[in-house]
Amino acid sequence: MNSLRGFAKVELGASEYSVKYDINALCSLEQELGNKSLQEIFSSDSLNFSWIRSVLWAGLLHGDAKITPKKVGRMLDNHFESGGSLEAVVQSLMGAITQVLPSAEGSKGKGAAKKKRGNAKASA
């Protein structure tokens with residue numbers, strides 16, 4: 001993953017695809033999965049074929065805004081038919097996503113900084 005630019009590679013069969021999970025991709029993913037929160041989307045209970053297809057689709061949107069979930073499903077079918085591993089796809093997607101999502105600790109740190117600034121303004 002090129003963490004500076006937010007790109008990661010996912011191999012499907014003999015092809016390698018560049019995925020990117022920027023804000024637009026994550027918003028599209030939320031909408032595709034029924035406006036669930038990112039926490040709901042990335043809980044272990046959510047992992048199924050719809051999830052895999054949707055996460056891959058959202059990551060591919062940066063390179064092809066017209067790509068459809070059904071086309072991504074056909075790409076996954078071809079990958080599995082050629083002996084590709086489900087586990088490898090899931091690991092690649094999770095690795096790409098964890099590079100761009102803020103950690104829980106990082107989020108708390110930002111929120112605490114905002115509260116401190118707000119308190120400083122109120123007391124000034």
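**Notebook: a walk through a predicted chain**

I started at Ser 54, which, leaving aside its neighbours within four places in sequence, is in contact with Leu 29, Glu 32 and Leu 33; contact here means heavy atoms within 4.5 Å. Ser 54 has its place in helix H3. I looked up its cover too: Ser 54 counts as buried at 2% relative accessibility. My cut-offs are under 20% relative accessible area for buried, over 50% for exposed and partly exposed in between, with a 1.4 Å probe and protein chains only.

A note on the ground rules. This is a predicted model, in which local features need pLDDT of at least 70 and side-chain atom pairs count only at pLDDT 80 or more, while totals for chains, interfaces and linings use all residues. Residues are numbered from 1 along each chain as its sequence is written, and side-chain values use heavy atoms, with hydrogens and water left out.

**Overall layout**

I found 6 helices and 2 strands in the protein chain, in the order β-β-α-α-α-α-α-α along the sequence. Helices (H or I, at least four residues) and strands (E, at least two) are DSSP runs, numbered from the N terminus. The protein chain has 124 residues, and 28% of them count as buried. I then checked the contacts with a separation of 6 or more: 55% of them are between residues 24 or more positions apart. The accessible surface comes to about 8200 Å², with 51% of it belonging to carbon and sulfur atoms; these areas come from the Shrake-Rupley method with a 1.4 Å probe, and for residues only the protein chains shown count as cover.

**The hairpin**

Next I turned to the strands. E1 and E2 run antiparallel and are joined by 6 bridges; two strands pair if DSSP finds at least two bridges between them. I noted Lys 9 standing opposite Ser 18 in E2. The hairpin has 2 residues between the strands, and Gly 13 takes a positive phi near 65° in it.

**Helix H1 and what follows**

Which residues of H1 are buried? In this helix (residues 23-32) I listed Ala 25, Leu 26 and Leu 29. Seen down the axis of H1, the buried residues fall within an arc of 95°, so they line one face of the helix; the arc is that of the directions from the helix axis to the C-beta atoms. The face turned away from the buried side of H1 carries the exposed residues Ile 23, Asn 24 and Gln 31. I traced the packing as well: the buried residues of H1 pack against strand E2 (15-20), helix H2 (38-41) and H3.

After H1 comes Gly 34, with a positive phi near 85°. Most residues other than glycine have a negative phi. Asn 35 sits in the loop between H1 and H2 and counts as exposed at 59% relative accessibility.

**The core**

Of its 28 residues, Val 19, Tyr 21, Val 55, Leu 56, Val 72 and Leu 93 touch the most other members. Strand E1 (7-12), H1, H3, H4 and helix H5 (86-100) each give two or more residues to this core, and the largest share, 7 residues, comes from H3. Leaving aside neighbours within four places in sequence, I have Val 72 in contact with Arg 53, Leu 56, Trp 57, Leu 60 and Ile 67.

Is His 79 buried or exposed? His 79 lies in helix H4 and counts as buried, at 6% relative accessibility. Beyond its neighbours within four places in sequence, I find His 79 in contact with Glu 11, Leu 12, Gly 13, Gly 84, Ser 85 and Val 89.

Ala 88 is found in helix H5, partly exposed at 38% relative accessibility.

Note on methods: A nonpolar core is a set of buried Ala, Val, Leu, Ile, Met, Phe, Trp, Tyr and Cys residues joined through side-chain atoms within 4.5 Å.
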